[in-house]
Amino acid sequence: MTPAQFCIGRPVATAMIFLSLLVLGGLSARLLPLEMFPSIDAPFLFIDMRYPGSTPRETERLITRPAEEALATLKGVEFINSNSTPEGSQVFMAFEWGKDTTVQAVEARERLDAIRDELPADLRRINVFKFNTSDEAMLTLRISSQRDLSESYEMLTRNLVRPIERLEGVARVELEGVEPREIRIELSADRVDALGINLGELNTRLQAANFAASAGLINEGGQRLRVNPIGEFRSIEEIRRLVINNRGTRLGDVADISFEPKERTYERHLDQNYAIGLSIHRERGANLVATAERILRQVAESGTNEEMKGIELFFLENQAEGVLTSLRDLLSAGLLGALLSMVVLYLFLRNMVTTLLVALAVPISITVALGAMFLSGFTLNILSMMGLMLAVGMLVDNAVVVSEAIFTEREKTPNDPVGSAERGVSSVGLAVLAGTLTSMAVFLPNLFGEMDQIKIFLQHVAFAICLSLLMSLVIAQTLIPLVTTRVKAPAERGVTWIDRLKQRYAGFLAWTLGHRWPAWGAIFLILFSVAIPMSLVKTDMFPSEEDRDLFLRYNLDQRYPLDKVRPAVDLIEDYLYANKERFEIDKVYTYFSEDGEAQSSILLKDVDSAKLSSEKIKEMIREDLPKIAIGKPSFDQQRSAGAEGVSLSITGESSERLAELADDVVFALSQIRGLEDVKTDLGAGDREVSVTVDRDKAARYGISAQAVAQAIAVALRGTQLSEYRGPDGEVPVTLRFSESDTQTVDHIQSLKLTANNGQEVPLSALVRLAVRSGPRNISRQDRETGLGITATLNNKTMDQAREDIKQVMDQMQFPPGYGWKFGRGFQFNNDTANKMVINILLAILFIYIIMAALFESVLHPLSIVSGIIFSVVGVYWFFLLTQTTFSLMALIGILVLIGVVVNNGIVLVDHINQLRRGGMLRSDAVVQGGRDRLRPILMTVGTTVLGLLPLCIGTTQLGGEGPAYFPMARAIVGGLVFSTVISLCVLPTIYVSLDDLGLWAKRRWQAATRVRSWGARPKSSAG
């Protein structure tokens, strides 16, 4: 019993099954978590080793290089990048996709623990971070006010941070821009010298004075009591009274002890007012939209608090809003596409009941697919939603083919609706099964094999499409036959436009079959014509998208105090706000610090109310942008899908020599047309004091080099002591010299150390000091020192930029041991394109295998596969006509397209084969098959094309700010329309030619078999 026979015979059971599926799907859809991207563990590790107050050279020598050597022994490492700064060392590691980052993180910690004795003793903590797509802050707020918020840490923590942290789904909340209080012990150099305080002994005594420990258990009166020696400070006054030497000197005699906020070395502005940052992270698996709604309610409630009066809260980034906007745009495009598809169906069917019957496949398939996604642990994100959106136009294909076949049978036997339904389903059963399997097969390469970032994300698109298509197949084989037996067949309407079109099409096929050579000439002409659009269409895997957020980086030439950077920031901000309306600026958010970082985020008005493009606004801002003495402002380019963009690096051993070479490289690249804002990643340099210990002199006084280094560290960098436990929790304690005692080189030289004999020895007698310029940071790539150079593109693709850069760089002369190489952005472009091409070729192979197995033929599927080639030709011609850049989204569109275009060929060839098996001549079967299948083919193509039309002409972007959908939609529409028209005209010719080839091969095989058989006969013996 076939599924159709079961459903027709058990209508109530069938109705209950589908009702159950709909209820389950509807309930699951409400529980389905919403998020921006699926939660994916990326094979990356980030190791942060904080060592503040150092220099990049010292950090590189003492921390970065030993760490790199240890970490390089991990298995599966693709590359290691490191950055040494005055604040410490950061190492970024990328592993092969598929590696378990949890295991890699544990092994990385083990490697670093093994070399712990080689690292500086005051390197207190090593943090190893894993990467997950859900780790990014879901909400980023900026808090500004006319009030002074510099000491509002406790107030904001109490009224905003803590209430949000208690909400369901919130993992952590980070508050930046105000600092918690710390206990600061600032030594006076004069008093330390006068009282002969040994800095090393002082540090040791302070570390030992504040402790908490367990001394074990004792027996007392038959009870076991725990002994807890308490050595923690109880108050700040107790810290002041601490005795620090044998002469009874107290800490308060040589230091000023205060309890105040930490020194802030950075600043934020929002609309030219001081601002505070608040970043909110959600728990993995938490519903993004629901969590965001709870946070927004809490923020609104906190805003009514009396302490929060006069404070403005601005949402700089809101992932939930981006998700809702993207889903809303996709949903509206899907609904409009579904409506247009219904219009197409009605134009062909001319019957509302039949139209609604066919359209029924869309909501049922999607609802059940949502339920299956929930049960499978998937989420509803912009990728799975994209899969559902792409499937909308294809979900009616099976229903169209099946209902058309059923009603064709009803015309022959109008009084036998049940028999007509069974025969109709049976006649196209193989075709719809093959069509569905081939549409699903294109995603098989993305579901199996070696994983990479493209495959992992396409899995979610594939899962949504495959589920909905599989459900549409079930509906077409079960529910559609059942319902058709309960409705009247469409009434005859005489000769319609589709009937006239069928007649002309049949005549055209008869002519092509009789004139095969002209037909083949047209085929080759069409195929070779693709060379024209391929040479004219721009190719860029990750093109720059229209982004209403501009990033202006100040590119400071060295590190400056905030008082020096602030006037430069104010100058730029005054210029931007003076032209706020002309530049269509909504808000300006600026961050700058004493570490040499300074950038302004210029938030433009929405696209709906904008009159100028973001590129035009960039040009206008550049024209009269004020010059600043401490830097050279330039824009950073945002590229789709997080691609790296235009970058290269020059490599060599010396950072100073690389900086010199970089100036020449930047000048040369700036001359390339289309390359703008060329700059180095060197960052702001710094003036540093080089201290060299004279070990002989130090040994003569009985002072170790380590003691000298520790004294300098306390004087300049300070040292962290054990935390003070106050009523509000743990408070950091810092020991350092007062700022007035460390402002000049003379102050540092006058520091005194105590020799073994008690003699006070000035630091100048033990060390040699030299002031020199130092790099802001030292970058290394794969354990090789390098300096990155980046640029933005203007009307130039990545491939064009690559050729121009290579031509310029090859002409430059580098010293021995120095060279250059392209950044990973170029390689990623090539790798992405190559992987997608391989996926497409594998998909074509799978499609051929499926069709060969179902048709039991190796030649007939080739005629169907030819439609794929025509579809690619159509994609390029359509992209040329619409001036669309060929990108990664276009390749994804082609991947989907090749699973769609073969459906028309399958329906046509399968029907031709059935007619031939029924006794019809081949030429007559081809003509009749084309006439019979013209209407369902045009209907399925029309529904798919109109279903994607809103995306073709819209500007909806992935996640609201990612790559646009229209290249993908245009690839499907352009390729499908072109392939359908050409295939309908030439596929019969290809089919007949391949059939002749098969017959010729069969005759040759039979002839060869007869010859071998004749030669093998035994000769008769002579009488």
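What follows is a short tour of a surface patch and some salt bridges.

Before you click, note that this is a predicted model, where local features need pLDDT of at least 70, side-chain atom pairs count only at pLDDT 80 or more, and totals for chains, interfaces and linings use all residues. Residues are numbered from 1 along each chain as its sequence is written, and side-chain values use heavy atoms, with hydrogens and water left out.

**Stop 1: a nonpolar patch.** Select V12, M16, L19, V23 and L27: together they make a nonpolar surface patch of about 480 Å². A patch here takes residues with over 30% relative accessible area and no salt bridge, joining nonpolar side chains (Val, Leu, Ile, Met, Phe, Trp, Tyr) within 5 Å and like charges within 9 Å. Areas come from the Shrake-Rupley method with a 1.4 Å probe, and for residues only the protein chains shown count as cover. Now zoom in on L27, which sits in helix α2 (residues 11-31). Helices are DSSP runs of H or I with at least four residues, strands are E runs of at least two, and both are numbered from the N terminus. Is L27 buried or exposed? With 52% relative accessibility, L27 is exposed (buried is under 20%, exposed over 50%, partly exposed in between; 1.4 Å probe, protein chains only).

**Stop 2: salt bridges.** Side chains of opposite charge can pair when their charged atoms come close.

Pick R172 and E174 to begin: their closest N and O atoms are 3.1 Å apart. R172 is partly exposed at 40%, and E174 is partly exposed too, at 28%.

Next, select R268 and E176, a salt bridge at 2.8 Å, N to O. R268 belongs to strand β11 (residues 266-270) and E176 to strand β6 (residues 170-176), so this pair ties together parts 92 residues apart in sequence. R268 is buried, at 6% relative accessible area, whereas E176 is partly exposed at 33%.

**Stop 3: along a helix.** Jump to R657 and E660, whose closest N and O atoms lie 3.0 Å apart in a salt bridge. Both are in helix α25 (residues 655-670), three residues apart, which means about one helical turn separates them. R657 is partly exposed at 31%, and E660 is partly exposed at 45%.

Technical notes: A salt bridge is a side-chain nitrogen of Lys or Arg within 4 Å of a carboxyl oxygen of Asp or Glu.
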